[in-house]
Amino acid sequence: MQTAAYFKDLFGLEGQTAVVIGGTGELCGCMAQGLARAGAEVVLVGRIREKAERNLTEIEDFGGKGYFMPADVTSRDSLQELVQHVVERSGKVDILINGAGINSPTPFLDIQEEEFQRIMDTNVTAVFRACQVFGKYFIDEGIAASIINLGSMSALVPLSRVFTYSASKAAVHNLSKNLAREWAEYSIRVNTLVPGFFPAEQNRKVLDESRVLDILRQTPMSRFGSPDDLIGATLLLASNKAGGFITGTEMVVDGGFNAMKI
């Protein structure tokens, strides 16, 4: 088998549909492009269609398939409608990425309960809802699916200035491991993809000059992550052939930052 054919057989996602919740953002949008390049039809899910246009244009430019679907991750009805509409349009769903998230730099003693609940609902309860809604669909339809939940370095290492975000992502890590255990018998794999420091939309507000220097000093590769750095890990976790025995793991993509904390 030629090299290109071998890698296509191992990582190719032709005929599969990937729903990327948070696909209108920078990191998940790039992950969606990687899935599309591997042959999947990708569904970019968010609230604002205009935020998806750039990623959809790039997907179309290289001959990939993708479209936008609106959804409110804080609403179970909205997620159930999402599944229904995607199945009607694409035939089925094989891959779910839960990547929606919000952050806040509020110091611990100043955090109001409303802010705490808002972040927890978007970052944790929304993942719980999506996994329930899509998981029931996968089980009922007998689909050997892959669920990739976006975690965070702050769930592994107690970082400053992101208290509620850290707590919410730690819960996502635990939820993912529990689902991996429960759903392995259905051939549904559940993993957590853990980006290190990627200067995306939601964390730029906490990256002042002193924090940037501190992060780079503690990152062996001495740089921030680029969204493209997540594509390889995404394809490995998404592919039932390349990653078919990987479930319940925390796949860290961080330039060595976590290794410095051991």
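**View 1. The residues around the largest cavity.** Ile21, Val73, Asn98, Gly99, Ala100, Thr122, Ala126 and Val127 line the largest cavity, a cavity being a set of points on a 1 Å grid over the protein atoms alone where a 1.4 Å probe fits but cannot get out, with lining residues having an atom within 4 Å of a point. The model is predicted, so that local features need pLDDT of at least 70 and side-chain atom pairs count only at pLDDT 80 or more, while totals for chains, interfaces and linings use all residues. Residues are numbered from 1 along each chain as its sequence is written, and side-chain values use heavy atoms, with hydrogens and water left out. The lining divides into 5 nonpolar, 3 polar and no charged residues, where Gly counts among the polar ones. Helix α5 gives the largest share of this lining, 3 residues.

**View 2. The largest nonpolar core.** A nonpolar core is a set of buried Ala, Val, Leu, Ile, Met, Phe, Trp, Tyr and Cys residues joined through side-chain atoms within 4.5 Å, and buried means under 20% relative accessible area with a 1.4 Å probe, protein chains only. Among the 34 residues of the largest core, those that touch the most other members are Val19, Ile21, Leu82, Val86, Phe134, Phe138 and Ile147. The largest share of this core, 10 residues, comes from α5.

**View 3. The surroundings of Phe134.** Leaving aside residues up to four places away in sequence, Phe134 touches Val19, Leu82, Val83, Val93 and Leu96, where contact means heavy atoms within 4.5 Å.

**View 4. A second core.** Cys28, Val42, Leu150 and Met251 are among the 32 residues of a second, separate core.

Notes: Buried < 20%, exposed > 50% of the residue type's maximum accessible area, 1.4 Å probe, protein only. Helix = DSSP H or I, 4+ residues; strand = E, 2+ residues; numbered from the N terminus. 1 Å grid on protein atoms, 1.4 Å probe; cavity = no way out; pocket = protein on both sides within 12 Å on 5 of 7 lines; lining within 4 Å.
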